[in-house]
Amino acid sequence: MKSSRQRAIAEFVLDHLVWFMLAVVLIAFSLFVPNFFQIGIFANIVEQSTFVGVMAIGLAIVIIAGHMDLSVESTAALAAMVTGILFCSRGIGLGLTLTPEWLVLPVSLLIALSVGAVIGFLNGVFTIKLGMNAFIVTLASYIWVRGLVVAISGGRSAQDLSPSLRVIGIEQLLFVPLIAWIAILCYVIFSFIMGRTPFGRHVTLIGGNAVAAFRAGIKVDRLMFIAFIIAGAVAGLAGWLLAIRTSGATANLGTGMLFNAFAAVVIGGVSLKGGVGKLPGVYAGVLLLSSIHTAINLMGLPAHYTQVILGLLVLAAVLLDTLKLQIRQRFA
Amino acid sequence: MNRIRRLLTASIAIAAVGIVSPAFAQSKGKIFYMVPTLLDEFQTESVAAITKFMGDVGYEVVTLNADNKTDLQQSQMNDTILQKPAAIVLAAVDFNALAPSIEKARAAGIPVMIFDRQITSTPSDLTSVAGTIEIGQVAAGEIQRLLKEKNGAVKGKILQVLGDPADPYTLDIQKGFEDKMKEFPDAQIITLPAMQWEASNAGTIVSDQMVANPDIDLIFLHAAHLSVAAVAALEAKGKKPGDVMMISSNGAPVGLDLIRKGWLNVEVEQPLYAQAAALAMFADKVVNKQEIKPGNYSVLGLDSVLTTESWGPNIKIPGAAITKENVDEPRFWGNLKAPADKIMPVE
């Protein structure tokens, strides 16, 4: 029998394991990777975490709710392309302008969120209303939405995004670009929603045991539907940010981000079985992945190693998850 | 019951959206164009160019997109062979992996023309290329010039951003470039790949490297669309046009725009229109299995050399370095002004 103090310490460490991993990795890279230890690199890591990070929020919510959403990457790409087509002035951009000019910012954001929400809504209709498997439905969305990106762009790119939008990608606050602050703000808001509101608690309950949640009077279908729409809308936001970062959109924008988002979610401690996981952990997972990407960039290692390391990291995270259960039992 | 009805309705609606019924006109026959991907502007425009030029000489073009997947392109080749087209135009996803498919098509009596991505491991009926290795060499020449102008000699730090490291196209450009740079040991080259040719990956590389190596003189990106993200990353670091020299390759419209804005110094063009036009000029000879004579040919005004190589007739069309001085010339495909004149078959 362990003392309550020992148990509390063990629980704290286990609950925040990914943050400890992040700290260890950052210290190791700072010591051994040339040019790593500097403010600019840490700012880059935070900035580069923006897109996968925001995408991972929606993905994590759906997974915590016990489902799956493979469409977030393509949804982000579609939102980016729509933003690019409407508000870029070169390539296939239509160069839409609004008066006053700052209106471009809220209008484009609203459009991107709406594009994402529509895809999330469709995923919800097929999964919740028609009872189809979420994996298959969102896999189909992953394919057809990317196809739609190619179709509406004709494979061409849009560039030269409106300066009213680009300002978010260029201006900095405390060495960190505004887009990264938006991602951090998203994590604060959604962490609050998931941890402190009935919606978040109910979604977690549904993921743990949907039948029990239903019997407890929770509107399972309604909340699940909302979770899919949120995932879509947040992916739309990720796409909007991506368009701002790259000052436009190409048909392959965001390719490969789904894998990183999944890796971050798993490393961040979200159980793929549903019902378990916290968003701050997911953000730590995203930061960890970005740190590794950056270190590999600085070391000049062939990028193939990134994939190997990421894969091993996911495996290690799952192993740690199993170990956590055993350690918890020992301290119980 | 309601659920089943809804499922049926949804299935019918989806099927209706997916059905496409193309209308075909009469022609000398169908030529299948196996495009490796439609996710970049060069390939997208190549579809338009090949369709137009082959149409000029009487062929109808059907395009199949392999989505950068070798296995998918192999399957498409198998399916196409069964349809017995007049010819196949292949821009291979993987230069070597498609060799057996080419052999299979030719054994079935279907001529195969190679577009843009040269395959030397097996014979084909005509190859029309600018040469990916040559693109790297042209870029190296331009980079040597720029470094000399800036530093007084070919010395300095170059960041080379490849495309996807699994794509032989980018590896060939790298080879051509690095071979030519070997004789200049004072030019340090940092090479990193943008996985899956994804633009934000290139932006990330530039962003990190500008912090770790702020003395980078020049950035060489293997595709114009990567330059856009690189420029955005430079802008975010407070850089202005001209602060860091930049070169990219393929000559896409985005690259030409960046030259006009002063960000890009040089864009090494792949002469897309001429490469496509050359195929159309010789299409009748290829389809009718007539001899293609080596020699000098003018393809859309570009002096091109046709040679007989171990892999068959090979027409090489020179790529050009696009700079601020010549960026507006309509001959560059990045200006998207496809030649209106009809292509005439070679007699």
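Reply: Strand β2 of chain A is joined by 2 bridges to strand β5 (residues 248-249) of chain A, and the two run antiparallel; strands here are DSSP runs of E of at least two residues, helices are runs of H or I of at least four residues, and both are numbered from the N terminus, while two strands pair if DSSP finds at least two bridges between them. This is a predicted model, in which local features need pLDDT of at least 70 and side-chain atom pairs count only at pLDDT 80 or more, whereas totals for chains, interfaces and linings use all residues. Residues are numbered from 1 along each chain as its sequence is written, and chains are lettered from A and ligands numbered from 1 in the order in which they are written.

Within this pairing, A:Gln159 stands opposite A:Gly248 in β5(A). β2(A), residues 158-161, also pairs with β1(A), again in the antiparallel sense, over 3 bridges, and here A:Ala158 of β2(A) is the bridge partner of A:Gly91.

Turning to the partner chain, 39 residues of chain A are in contact with 37 residues of chain B, where contact requires that the C-beta atoms of two residues, placed from the backbone, lie within 7 Å. Among the elements that each supply at least two residues of the side of chain A that touches chain B are β1 (88-91), α3 (39-64) and α11 (220-246), and the largest share, 5 residues, comes from α3(A). That side divides into 12 nonpolar, 24 polar and 3 charged residues, with Ala, Val, Leu, Ile, Met, Phe, Trp, Tyr, Cys and Pro counted as nonpolar, Asp, Glu, Lys and Arg as charged, and the others, Gly among them, as polar.

As for the core, the largest nonpolar one has 225 residues, of which A:Met55 and B:Ala230 touch the most other members; such a core is a set of buried Ala, Val, Leu, Ile, Met, Phe, Trp, Tyr and Cys residues joined through C-beta atoms within 7 Å, and buried means that 20 or more other C-beta atoms lie within 10 Å of a residue's own. α11(A) gives the most to this core, with 18 residues. Because domain 1 (27-130 + 271-317) and domain 2 (133-269) of chain B both give residues to this core, it lies between them; these bounds come from an automatic or database domain assignment. Leaving aside residues up to four places away in sequence, A:Met55 touches A:Val72, A:Glu73, A:Ala76, A:Ala235, A:Ala238, A:Met257 and A:Ala261.

How values were computed:
Buried ≥ 20, exposed ≤ 12 C-beta atoms within 10 Å, placed from the backbone.
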